[in-house]
Amino acid sequence: MRGIVKRFPGVLANDHVTFDVEAGEIHALLGENGAGKSTLMKILYGLHRPDEGQIVLDGREVTFHSPAASLAAGIGMIHQHFMLVQTLTVTENVALGMNTNGVTLDLRGVRKRLLEISEIYGLKINPDAYIWQLSVGEQQRVEIIKALYRGGALIILDEPTAVLTPQEVEELSDTLKQMREQGHALIFISHKLHEVRDLSDRITVMRDGRVIDTIPNDDTVDRRKLARMMVGRDVVFQPTKPPLSAGEVRLSVRSLSADNDQGLLCLRDVSLDVRAGEIVGIAGVSGNGQRELAEVITGLRHATSGDVALGGKSILHAPVAARLEAGLAFIPEERHRHGIIGAFSVAENAILQTHGREPFSRGPFFNFGAIARYSNDLIRRFNIKTPSAKTPAKNLSGGNIQKLILARELSRSPSVLIAAQPTRGVDISATEYIHSVLIQQRSEGVAIVLISEDLDEILALSDRIAVIYEGQIVGILNREEADIETLGLMMAGDTTAVS
Ligand SMILES: Nc1ncnc2c1ncn2[C@@H]1O[C@H](COP(=O)(O)OP(=O)(O)OP(=O)(O)O)[C@@H](O)[C@H]1O
Ligand SMILES: [Mg+2]
């Protein structure tokens with residue numbers, strides 16, 4: 001890609017970007033939220049047309065008018081947000097949009113080839129399952145198989161690990177190395193610097209639409225150096241936390257059980273108290289009930305037995321809105337589904353739950369001045385990259401959508417905050433900021449439940465750590481008793497690790 005320029009209204013997303021990738025190479029693309037990584041890759045994939053610049057593939061200049069054209073040229077892309085059809089099976093999704101040459105599609109042939117690919121690259125999948133039945137990790141495997149099915153000489157992975165469990169990340173990196181062996185050219189976007197260090201051959205860093213540098217991934221490269229290149233300053237990786245001064249119990253979960261989407265028991269007899277001013281981390285491999293726990297607490301899922309109380313009062317039968325009213329805030333894991341309304345502006349999303357209240361409305365009238373002041377303040381404080389508060393939220397980069405939801409939820413002064421994977425997909429300086437905000441909320445007496453698969457994050461922030469395995473809390477440790485080793489064992493269901 002040579003001299004690529006891409007403008008959106010009010011944004012220069014790519015500013016004369018020059019970038020190349022070789023066969024048999026994993027090339028990492030790094031940069032803060034909104035730096036222009038996805039845009040560059042969407043241009044390569046034919047989803048956006050560049051305003052200037054050229055794309056040269058195998059020595060020939062090419063122009064892609066659509067993803068179909070780039071797919072035909074051997075380019076595949078695994079998006080930051082999956083693009084699978086939920087109501088179709090794995091096989092049907094892989095077959096979707098394939099050139100049938102006028103012949104009816106041979107689904108059985110697709111299924112057979114799909115199983116071969118899954119074998120070669122170690123991508124376990126049930127070809128007959130519906131997409132809605134699959135975990136995020138499995139859905140991603142489908143996306144990768146889809147790309148490989150069509151040849152995939154060059155495969156772009158836009159934050160493939162953001163949604164994966166540590167085990168799935170391991171599997172994915174084996175798959176990627178396998179693909180490199182086989183001569184595929186891979187472009188890998190991630191905010192996790194250790195992954196970039198582990199996996200890539202070369203690293204390109206972008207900032208504000210420009211390429212800062214492309215460097216080989218050698219011994220001189222470390223987290224600090226990459227962070228400096230991305231952000232342009234030194235980054236704090238370990239936040240400082242004042243000593244714990246916990247108050248009364250704000251959130252009480254009693255003998256809670258619930259079923260998952262498939263109707264299977266996914267929470268078994270979970271009990272947990274969270275006090276004002278403390279952060280309780282929920283550590284666990286994804287799929288062990290932590291998402292459902294958050295959903296039952298916030299009212300997105302029914303409990304089959306047990307109770308949830310907020311400030312001593314049961315909220316088990318209260319609708320979501322009443323729980324929010326009662327002081328609960330929720331940073332959902334699936335932010336695109338539960339977190340924002342894409343067609344609404346940044347400002348409208350910022351007041352999603354509070355629009356009916358002063359100062360945002362008075363009687364039947366909106367106070368647009370107050371709404372604008374409030375949303376501009378959030379944009380500034382949380383450093384949300386957007387041309388204006390009037391921009392539709394769906395135009396924001398992935399990480400900036402997350403910052404918007406965080407900003408909205410945290411600024412409602414909640415009494416209890418459920419934060420599910422709060423820094424997933426956000427860049428290092430935003431992570432640094434979010435951590436400092438959570439610690440500040442803790443100091444202000446908010447009771448915080450931190451659900452995270454990132455053990456470094458759990459250890460950095462939590463006062464107590466509850467480990468969840470197969471829907472049960474297998475142990476609760478004080479921060480001093482916890483280390484990566486013990487937590488890892490407990491997360492794998494080894495209860496002898498609990499002292
Ligand atoms: N379709 C669009 N319309 C308008 N603006 C857009 C659109 N897509 C991206 N942008 C803007 O272009 C800039 C670059 O966005 P991009 O998605 O490429 O960032 P990114 O580096 O992938 O960030 P992240 O790490 O958050 O995913 C951002 O300011 C974003 O708001
Ligand atoms: Mg992106």
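In this predicted model, strands β21 (residues 464-469) and β22 (residues 472-478) are paired in the antiparallel sense. The pairing runs over 6 bridges. One of the residues involved is Ala 466, whose bridge partner in β22 is Ile 476. The two strands, β21 and β22, form a hairpin with 2 residues between them. Glu 470 lies in the turn and has a positive phi of about 45 degrees. In a regular strand, side chains alternate between the two faces of the sheet.

A helix pair was examined next. Two packed helices are described by the angle between their axes and by the distance between the axes. For helix α4 (residues 107-120) and helix α5 (residues 136-149), the axes come within 10 Å. They cross at roughly 110 degrees. Angles of 65 to 115 degrees count as roughly perpendicular, so α4 is roughly perpendicular to α5. On the α4 side, the contact involves Arg 113, Leu 114, Ile 117 and Ser 118. These residues meet Ile 145, Leu 148 and Tyr 149 in α5. By class, the contact of α4 with α5 comprises 5 nonpolar residues, 1 polar residue and 1 charged residue.

At the level of domains, the protein chain is assigned domain 1 (2-231) and domain 2 (249-497). Their C-alpha centres lie 29 Å apart. Across the boundary, 20 residues of domain 1 are in contact with 20 residues of domain 2. On the domain 1 side, α6 (166-181) and α8 (223-231) each supply at least two of the residues that touch domain 2. Helix α8 gives the most to this side, with 3 residues. The domain 1 side divides into 11 polar, 7 nonpolar and 2 charged residues.

Both domains also contribute to the surroundings of ligand 1. The shell around ligand 1 draws at least three residues from domain 1 (2-231) and at least three from domain 2 (249-497). In total, 20 residues surround ligand 1. The closest are Asn 33, Ser 38, Thr 39, Ser 397 and Gly 399. Three elements, β2 (11-17), α1 (37-44) and α14 (398-410), each supply at least two residues of this shell. By class, the shell around ligand 1 has 12 polar, 5 nonpolar and 3 charged residues.

Technical notes:
Residues are numbered from 1 along each chain as its sequence is written. Chains are lettered from A and ligands numbered from 1 in the order in which they are written. This is a predicted model: local features need pLDDT of at least 70, side-chain atom pairs count only at pLDDT 80 or more; totals for chains, interfaces and linings use all residues. A residue is near a molecule or strand if its C-beta atom, placed from the backbone, lies within 6 Å of it. Helices (H or I, at least four residues) and strands (E, at least two) are DSSP runs, numbered from the N terminus. Ala, Val, Leu, Ile, Met, Phe, Trp, Tyr, Cys and Pro count as nonpolar, Asp, Glu, Lys and Arg as charged, and the others, Gly among them, as polar. Domain bounds come from an automatic or database domain assignment. Two strands pair if DSSP finds at least two bridges between them. Axes are lines fitted to C-alpha atoms, for helices over the stretch in contact, and angles run from 0 to 180 degrees between N-to-C directions. Angles under 35 degrees count as roughly parallel, over 145 as roughly antiparallel, 65 to 115 as roughly perpendicular and the rest as oblique. Two residues are in contact if their C-beta atoms, placed from the backbone, lie within 7 Å.
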